[in-house]
Structures are given as structure tokens and as C-alpha cells.
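Dear colleague,

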Amino acid sequence: MKKLTALLLTLAMAISMVACSSEPASENTENDLPQIGILQLVEHTALDAAREGFVKALADNGFVDGETVVIDVQNAQSDQSNLSTMSERFVNNNCDLVLAIATGAAQSIASKTTEIPILFTAVTDPVDAGLVDSNEVPGGNISGTNDMSPIAQQIDLMLRLKPETKTVGIIYTSNEDNSILQAEIVKDVLEAKGIACVEQTVTNSGEVQQAAQSIASKVDAIYTPTDNVVASAMPIVAQIAMDAKIPLICGEENQVVNGGLATLGLNYFNLGYQTGEMAVRVLNGEDTSTMPVESQTDFSYLINAETAAAIGIEIPAELQEFMQ
């Protein structure tokens, strides 16, 4: 019995030693890696592209998910309670950096922490949204990239494609700061050109179809800003405009891909990538309070050839190279 007991003790000690030495102390575990949270307002093509560009920029600079950093992606699906819960998750996890995609997401995480560095993207006017003191000197733990579109030039594009336009409809979300700001700019541009404007607002994606149907019979063309709710229902808006044979001019490229007629807009993947390059600087020690908010200045035309054919719009020769 004593020999058996001694043998069992020896065996237990050997197993214990093997278990303890199975992972060298010098190897990092996932918990040792920098933690990056991504809080996305809602899932749609433009915001998804911004997230993908951000992650790509990190990886290109050595911050690879699961290898040198841990990236935690949370999508709130436009629900305010989800935004709050997810923001608290990142604070409780003591993330090293949080990316907020769209204004609502940025406002949510900014309300939860003044310590964790925050970068935003797809925010049209961060000053108006109360996120930064100024674009030049943000002044707190938050900076990022804005997605202000060249709205006046987009209206000019609309008139090049349909010069006889007398009335333009705008569909936007009434409780989204970005959209309200853009709608005001559109109205000012149209007024200066002597063009009438019809507004139709929504509060959620379920209202978009009715709004588009209501406005389509009253206008010669429709403009949609970089509005997250409207963008998530863009195929519906595009089909209604197509059925009415009126041009739909969009605030950004992905809306055109999803059926809109045309835009002169920014590329959200590139915008996200630009924000990712800012994140690399933050992870390497740069202070967000002194990092100016960045913009894109490289806008490009995009025209949906199938939509143009469906509504009978002839694209001018100088724009045909931008048809896809």
C-alpha cells in the first residue's frame, strides 16, 4: 500500500509539472494584448466599409486582430439601449482604444468615459454633435474623421443629369444630427438656385418606404444625405425612385451601389482606413486632445448605369467613364 501511495504521489507531481510547463511564461495570452473596441451604430454598407478600412489600416501597421491586438466589434442596430450597454462593456473592459462609427455611437461612448482614447468616423459635424471643442484642437479624449459630403457639387450633378428639375425631395432622419445638418445645407443650396424643396423625415427604417412613396409623386428628383437609417433601406428608396422615373442623387457611393443614380462622394473604406492610421498613432502614444479632426478631400463620381437606363437618363459624355 505504501509503495502504491508513493507511486500515485509521484505520478501526480509529474502531471502537475507537465501542466504548469505546458505554456511558457514568456508567451503572451490574449488578455495581455491591447484591447480595441469598435462600436458601430447600425449595419449597412457604408459603415461596414468604414469598419473594414479601419481594421485593414491597423493590420497593415502591425496591429493584427488575435495576434498583436484583440478587436471587439459591437453593433447596436440603431438601438440606444444597446449603445449604452456596449459602451459600458468597453469601459468595464478598460479598452486601450475605442472606435465609434457614426454620431450616435460616438456620443454614447463619449458619455461613458473621459479616460479611454476614442476615435470616431462617419460623423458629419463633430463640433455640432458636441464631441469636440473644435476640429483643429478637439480638447479631450476624442478625435477622428468626418464624412461631410460636397453637397453643393452633388446638387450641381443632379442638375447636370436632369436640368429641368424644379422640385427636389429630401428624405432624412429627424433625430440624427448629421442628417439635419445636411438637410439644412441642401435647402440653402436649392433656395439659392430657385429650386423648390419638399422634406420627408423618418425616425426608423420601417418608415422609409412610406416616406419615399409619399415624396416620389411630388418631386422631379430625390436627394438622400449620408443618413444611416435611410442608407440601411436604400434598395427600397432606389426602387421607388426608379418606378417613378426620377433620379436619386446620393450622399455617398454605397447608396449608388444599392440602386441610387449617382453621387460625387467619398469612399467609406478609405475614410475608415484614414481613421485606422490615426489609431496607430494613438496606440503609439499620441494624445487625442491635440489630434485635429481629419477629412477626406478626394471625392469621386459614381453613376449606376443600370439605374440610368431604367429611368431613361442620358449620361453626359464627360461623365460616362464613371458609370458602373
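Predicted model: local features only at pLDDT ≥ 70, side-chain atom pairs only at ≥ 80, totals over all residues.

Residues are numbered from 1 along each chain as its sequence is written, and side-chain values use heavy atoms, with hydrogens and water left out.

Strand S1 covers residues 35-40, and because 5 of its 6 residues are buried (under 20% relative accessible area, 1.4 Å probe, protein chains only), the strand is largely enclosed by the rest of the structure. Strands here are DSSP E runs of at least two residues, and helices are H or I runs of at least four, numbered from the N terminus. S1 runs parallel to S2 (residues 70-75), to which 6 bridges join it, pairing being taken as at least two DSSP bridges between two strands; in this pair Ile-38 stands opposite Val-73. Between S1 and S2 the chain passes through helix H2 (residues 45-60) in a right-handed β-α-β crossover, that is, clockwise from the first strand over the helix to the second with the strands pointing away from the viewer. S1 also pairs in the parallel sense with S3 (residues 97-101) over 5 bridges, where Leu-39 stands opposite Ala-100.

Gln-154, in helix H5 (residues 151-161), counts as buried at 0% relative accessibility, and its side chain reaches the backbone oxygen of Gly-251 at 3.2 Å.

With best wishes

How values were computed
Buried < 20%, exposed > 50% of the residue type's maximum accessible area, 1.4 Å probe, protein only. Polar contact = N/O pair within 3.5 Å; in protein donor to acceptor, adjacent residues only side chain to side chain.
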